[in-house]
Each structure stands twice: as structure tokens, then as C-alpha cells.
Amino acid sequence: MRPTTQAAVLTVAALAMSTAASPAVAAPKPLVDLRGADVGTYSLDAAGTAHLAGSVTGDPFDGTYVATLAADDGSLPAPGSCEPATGTLDVTSPRRTLRLDAVGQVCGEYADATYVVTHRLVGSYVVTDATQRRLRGTDGWISLILATEGRANVEVFDS
């Protein structure tokens with residue numbers, strides 16, 4: 001083997017060994033990671049605000065939720081269009097509570113027999129109140145989902 005080829009092989013082998021020997025660093029566990037435990041429900045009030053209810057599972061605790069979704073102009077958008085919106089999510093269990101305030105875009109979806117989502121708010125949230133102080137001020141991603149026949153769901157992740 002030529003000296004330059006041998007040096008190149010040794011360099012590549014040394015680099016491979018150093019990356020293989022690096023310790024794995026795990027990302028910290030998210031403080032908030034909630035998903036709808038089952039299909040929730042929603043209803044619209046006279047002002048055009050959707051009121052959602054159901055149960056969630058995940059971190060920081062399992063519980064029941066009530067949420068609101070309101071488009072800035074007071075009416076949910078038509079399929080294929082989006083507009084600014086706000087939302088809230090209150091999660092409760094026998095001993096703990098959590099309140100999130102959200103801002104984002106609500107989009108109207110084209111629903112059919114196989115795709116039942118009619119509207120989806122995707123945005124960011126901030127924990128504004130919680131029985132666990134370390135959760136206050138936490139922020140992340142939220143999705144509030146409305147579907148046909150008054151069905152609803154939520155997803156929240158501390159990103």
C-alpha cells in the first residue's frame with residue numbers, strides 16, 4: 001500500500017472510531033406532550049367560537065380537557081383557506097390543572113367519507129397557569145382539530 005493511501009485509510013479509521021466512541025446524548029423529556037385519549041366533541045356558539053371537550057393522555061398528566069378555538073374574524077374559514085385564530089386548552093385531573101393559551105392559523109379542510117377533519121388550528125402555545133410551577137411559561141406546538149359530526153381532538157407538544 002502506498003504511504004499516502006495508508007495515511008488516508010488510517011485517518012478515515014481514526015475518524016470513524018472517534019464518532020463511534022462518542023457518548024449518546026438523549027434529548028430532555030418534554031414537559032408537555034398530550035394527545036387526545038379518545039374522540040372528543042365540539043359545538044359552536046353564536047359568536048362562532050368552537051368549544052371542545054374530551055380527555056387527554058401523556059405528560060405532565062392524564063385528564064379531561066375543555067378548549068376553545070376562535071378565528072379572528074368570528075367565523076371558521078371555508079375549505080382551502082386559512083386565517084389567524086386563537087385558542088385555549090384547560091386540562092384537569094383530580095389534583096392538577098394546566099392552562100394553555102394558543103395563537104396560530106385555523107384552516108378549513110375538504111372533508112369527505114374518508115377524511116373527516118373540517119378545521120384545524122396549528123400554532124404555538126404558552127402555559128399560562130399550572131399547579132406545577134415548573135410548567136408555567138413552557139411553550140410549544142398545538143393542534144386543535146374539528147371533525148364532522150361534532151367530533152374533536154387535541155395534540156400538544158413542548159418543542
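In the predicted model, Ser 55 is buried, with a relative accessible area of 18%, where buried denotes under 20% relative accessible area, exposed over 50% and partly exposed the range in between, computed with a 1.4 Å probe on protein chains only. Ser 55 is found in strand β3, strands (E, at least two residues) and helices (H or I, at least four) being DSSP runs numbered from the N terminus. The side chain of Ser 55 makes a polar contact with the side chain of Asp 38 at 3.2 Å; a polar contact is a pair of N or O atoms within 3.5 Å, of which, within protein, one must be able to donate a hydrogen and the other to accept it, while residues adjacent in sequence count only if both atoms are side-chain atoms. When residues up to four places away in sequence are not counted, Ser 55 touches Arg 35, Gly 36, Ala 37, Asp 38, Gly 63, Thr 64 and Tyr 65, contact meaning heavy atoms within 4.5 Å.

Strand β3 (residues 50-59) pairs with strand β1 (residues 33-36) in the antiparallel sense over 4 bridges, pairing requiring that DSSP find at least two bridges between two strands. Within this arrangement, Arg 35 has Thr 57 of β3 as its bridge partner. Strand β1 is also joined by 3 bridges to strand β9 (residues 151-157), again running antiparallel, and here Leu 34 stands opposite Val 156.

His 119, which lies in strand β7 (residues 117-130), counts as buried at 13% relative accessibility. A polar atom of the His 119 side chain lies 2.9 Å from the backbone oxygen of Pro 77. With residues up to four places away in sequence excluded, the residues touched by His 119 include Pro 77, Gly 108, Glu 109 and Leu 144.

By contrast, Gly 80, placed in the loop between β4 (63-71) and β5 (82-92), counts as exposed at 59% relative accessibility.

The protein averages a pLDDT (the predictor's confidence in each residue, from 0 to 100) of 89, with 85% of the residues scoring at least 70.

Residues are numbered from 1 along each chain as its sequence is written, and side-chain values use heavy atoms, with hydrogens and water left out. As this is a predicted model, local features need pLDDT of at least 70 and side-chain atom pairs count only at pLDDT 80 or more, whereas totals for chains, interfaces and linings use all residues.
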